[in-house]
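Have a go at each task before you read the solution.

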Amino acid sequence: MAETAIDSLRDSNGCLDRAAIRSILPYGDDFLFVDEVTHLTDEEIEAGYTIPEESTFVRAHFEGLPIMPGVLIGEGMAQAGTLVVRYNLENHQNHDILAFQIENARFTRPARPGDQLQYRVRLVKLRRYVARLEGEVLVGGREICKARVVLAIIERDKLRLQLEALDQS
């Protein structure tokens with residue numbers, strides 16, 4: 001594969017840091033669940049996220065029993081998957097990538113503040129408007145989540161027009 005715009009953001013070890021990831025994904029700090037990318041090809045990604053000790057979502061989820069909500073673990077996996085999809089798209093910045101379907105999600109262990117989530121996501125199929133991925137999340141080498149994710153790929157301008165039309169109806 002030819003070098004992409006995303007390749008130019010890699011550090012000397014071939015990794016992407018949080019600042020590089022923020023320049024690719026359209027999320028603010030409070031909703032970005034990928035801190036680093038250690039491996040990225042056109043077929044797969046390995047990425048990580050350390051659960052902050054003092055985050056609102058952990059404090060408010062099961063008060064007195066701080067664990068990361070499973071839906072946010074799945075969101076982090078989908079964000080990592082979005083990075084591998086964007087890596088394959090020409091002019092990726094002109095597209096929005098939205099969750100379309102999560103299939104067979106299974107959570108086998110909780111994740112706690114201070115844990116480092118390791119995402120391993122593989123691109124199974126990429127079409128013009130849809131991407132299918134399979135992924136797992138590990139903590140300390142042990143699987144805590146496994147799922148298949150389907151992402152919709154939409155031209156950014158078209159999505160905005162569709163949303164405006166919905167607002168007017």
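**Exercise 1. Work out which strands supply the lining of the largest pocket, then describe that pocket.**

Solution. Bear in mind that this is a predicted model.

Step 1: start with the strands. β2, β4, β5 and β6 each give at least two residues to the lining of the largest pocket.

Step 2: look at the residues. The lining has 13 of them, and those nearest the centre are Arg 120, Val 121, Arg 122, Glu 134 and Glu 136.

Step 3: You get eight charged residues, three nonpolar and two polar.

**Exercise 2. Find the largest cavity and say what its lining is made of.**

Solution. Step 1: search the whole structure, and one cavity of 30 Å³ or more turns up. The volume of the largest cavity is about 30 Å³.

Step 1: list the lining. Met 77, Ala 78, Gly 81, Val 121, Leu 133, Glu 134, Gly 135, Ala 147 and Val 149 make it up. The elements giving two or more residues to this lining are α3 (70-88), β5 (130-139) and β6 (142-155).

Step 2: Six lining residues are nonpolar, two are polar and one is charged.

**Exercise 3. Trace the strand pairing around β2.**

Solution. Step 1: take β1 (residues 36-40) and β2 (residues 44-50). They run antiparallel and are joined by four bridges. Three residues sit between them, and the two strands form a hairpin. For a landmark, pick Val 37, whose bridge partner in β2 is Ala 47.

Step 1: now go from β2 to β4 (residues 116-126). This pair is antiparallel too, with seven bridges. Here the landmark is Thr 50, which has Gln 116 as its bridge partner in β4.

**Exercise 4. Is His 92 buried or exposed?**

Solution. Step 1: go to the loop between α3 and β3, where His 92 has its place.

Step 1: read off its relative accessible area, which is 9%. The cut-off for buried is under 20%, so His 92 counts as buried.

Step 2: see what is around it. Beyond neighbours within four places in sequence, His 92 contacts Ile 6, Ile 24 and Arg 86.

**Exercise 5. How does the radius of gyration of the protein sit with that of a compact globule?**

Solution. Step 1: count the elements. There are four helices and six strands, in the order α-β-β-α-α-β-β-β-β-α from the N terminus.

Step 1: A compact globule of 169 residues would have a radius of gyration near 15 Å, and the protein has 16 Å, so the two agree.

Step 2: The C-alpha trace spans about 50 × 45 × 30 Å along its principal axes, and 39% of the 169 residues count as buried. Of the contacts with a separation of 6 or more, 62% link residues 24 or more positions apart.

Conventions. Residues are numbered from 1 along each chain as its sequence is written. This is a predicted model: local features need pLDDT of at least 70, side-chain atom pairs count only at pLDDT 80 or more; totals for chains, interfaces and linings use all residues. Side-chain values use heavy atoms; hydrogens and water are left out. Two strands pair if DSSP finds at least two bridges between them. On a 1 Å grid over the protein atoms alone, a cavity is a set of points where a 1.4 Å probe fits but cannot get out, and a pocket is an open set with protein on both sides within 12 Å along at least five of seven lines; lining residues have an atom within 4 Å of a point. Grid points are joined across faces, edges and corners, and a volume is the space filled by probe spheres set on the points. Ala, Val, Leu, Ile, Met, Phe, Trp, Tyr, Cys and Pro count as nonpolar, Asp, Glu, Lys and Arg as charged, and the others, Gly among them, as polar. The radius of gyration is taken over C-alpha atoms; the globule rule is 2.2 Å times the number of residues to the power 0.38. Buried means under 20% relative accessible area, exposed over 50%, partly exposed in between (1.4 Å probe, protein chains only). Contact means heavy atoms within 4.5 Å.
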